[in-house]
Amino acid sequence: MDSNVRPESMQRITTEALANAFIDEQVKAIKEQVGDKKVLLALSGGVDSSVVAALLIKAIGKQLVCVHVNHGLLRKGEPEQVIEVFRNQMDANLIYVDAVDRFLDRLAGVAEPEKKRKIIGDEFIRVFEEEAGKLEDIHFLAQGTIYPDILESKDGIKAHHNVGGMPEEFDFELVEPVKLLFKDEVRVVGKALGLPDNMVYRQPFPGPGLGVRCLGAITRERLECVRESDAILREEFAKNGLQGKVWQYFTAIPDIKSVGVKDGKRYEGYPVIIRAINTKDAMTATVENVPFELLEHITDRITHEVDGVNRVLFDLTPKPIGTIEWE
Ligand code: XMP
């Protein structure tokens, strides 16, 4: 049987009991596959890699080595949460790599979106290879492949975007415990493994992260504006019942300034664009009808709390014609 084909008899994992049965089965399978050898995992903190990490920690504990690369393009609080959950709470073997300067230096002055993606992907692999090279006795590479990845690569839909896709010359045997699961099932399993809700129910986040939301050539100043405004947007959506209801929402910052006025003086600043969309498969998307009063409140917070920003815009464009991300 092709191990990349989900058997028709496989029940959809919708309950904690079904998740626990899956976890027991996978823990056994992982132990059998890995024995007493070591496994390496690139842990981004996204749903899929976090669930794979939690499953492997349960199965083999410290034989798992997680590498978390902070490329400087993560959302506010994400690297801290990875350290808190995996190192402090789950006692995992976690290597934290601060690669912020490396990424931002390589990206300096690069404005073309696909070039930015390529640099981020390449640099990620370089950093990961360097870390792997420092370790001894690694036999396995764990990956958070899920079933749609298999289906989409089969159909040639996506050579897609994922940072963290490892080069083929990596000579490790793969451990892919959630490769036959759909996203909703991965979330149910993550919840049963005790991962926090804001990790399990996280909205999709592109591999190149805030790099494709800091439009044009990335500067540290605008990157901070994206990170801070995104944090305010997420906080307000959570407070106002939109978290979990709206499929994806974020801010983006173009590389232009406009004239404004602050404390009676001319204040040139960047505009923040809010995008909030709903979709089933990310191929088409509609715009969420966000209450005007909430938009006014968010505008007020962003323009007062985020240095360098003097306007807030709301993107009314469906996909098509706009893509979900701006780059
Ligand atoms: P677009 O902008 O193509 O986005 O309408 C569709 C979905 O894919 C996400 N996206 C990415 N994900 N790497 C990723 O892992 C990328 O380079 C990338 N670009 C877009 C986007 O956030 C949306 O959910």
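The model is a predicted one. The domain assignment of the protein chain gives domain 1 (16-200) and domain 2 (213-314).

**Backbone angles in loops and at a helix end**

- D137 sits in the loop between α5 and β4 (138-142).
- The phi of D137 is positive, about 65°, although D137 is not a glycine.
- D91 is another residue other than glycine with a positive phi, in this case near 55°.
- The place of D91 is the loop between α3 (78-89) and β3 (93-98).
- D91 has 11 C-beta neighbours inside 10 Å and so counts as exposed.
- G61 follows α2, and its phi is positive, near 55°.
- The peptide bond between K319 and P320 is cis, with omega about -15°.
- P320 belongs to the segment after β11 (309-314).

**Helix α5**

- Helix α5 covers residues 113-134, which makes 22 residues.
- From its first C-alpha to its last, α5 reaches 32 Å, close to the 32 Å expected at 1.5 Å a residue.
- Which residues of α5 are buried? They are K116, I120, F124 and F128.
- Seen down the axis of α5, these buried residues fall within an arc of 95°, so they line one face of the helix.
- An α-helix has 3.6 residues a turn, so residues three or four places apart point the same way.
- The exposed residues E114, K115, E130 and G133 are on the other side of α5.
- The cover over the buried residues of α5 includes β1 (38-42), β2 (64-70) and α4 (100-107).

- Setting aside residues up to four places away in sequence, R106 touches I119 and E123.
- The C-alpha atoms of R106 and I120 are separated by 8.6 Å, and these two residues are 14 residues apart along the chain.
- I120 is one of the buried residues of α5.
- Is R106 itself buried, exposed or partly exposed? R106 has 16 other C-beta atoms within 10 Å, so it is partly exposed; a buried residue would need 20 or more.

**Helix α2**

- α2 has 14 residues and spans 20 Å from first C-alpha to last, close to the 20 Å expected at 1.5 Å a residue.
- Of the 14 residues of α2, 13 are buried, so this helix is largely enclosed by the rest of the structure.
- S50 is a residue of helix α2.
- S50 is buried because 26 other C-beta atoms lie within 10 Å of its own and the limit for burial is 20 or more.
- Not counting residues up to four places away in sequence, S50 touches L43, G45, G190, L195 and M199.
- S50 and C214 are 164 residues apart along the chain, and their C-alpha atoms are separated by 26 Å.

**The nonpolar core**

- The largest nonpolar core has 77 residues.
- Which residues have the most contacts inside this core? They are V39, L41, A53, L56, L64, C66 and V189.
- Helix α2 (residues 47-60) gives the most to this core, with 10 residues.
- Domain 1 (16-200) and domain 2 (213-314) both give residues to this core, so it lies between them.
- Leaving aside neighbours within four places in sequence, V189 is in contact with I13, A19, F22, I23, V51, V178 and L181.

**Domain 1 against domain 2**

- How far apart are the C-alpha centres of domain 1 and domain 2? These centres lie 28 Å apart.
- The contact between the two domains involves 7 residues of domain 1 and 8 residues of domain 2.
- The side of domain 1 that touches domain 2 consists of 4 nonpolar, 1 polar and 2 charged residues.

Key: Residues are numbered from 1 along each chain as its sequence is written. This is a predicted model: local features need pLDDT of at least 70, side-chain atom pairs count only at pLDDT 80 or more; totals for chains, interfaces and linings use all residues. Helices (H or I, at least four residues) and strands (E, at least two) are DSSP runs, numbered from the N terminus. The expected span of a helix is 1.5 Å times one less than its number of residues. A residue is buried if 20 or more other C-beta atoms lie within 10 Å of its own, exposed if 12 or fewer, and partly exposed in between; C-beta atoms are placed from the backbone. The arc is that of the directions from the helix axis to the C-beta atoms. Domain bounds come from an automatic or database domain assignment. Ala, Val, Leu, Ile, Met, Phe, Trp, Tyr, Cys and Pro count as nonpolar, Asp, Glu, Lys and Arg as charged, and the others, Gly among them, as polar. A nonpolar core is a set of buried Ala, Val, Leu, Ile, Met, Phe, Trp, Tyr and Cys residues joined through C-beta atoms within 7 Å.
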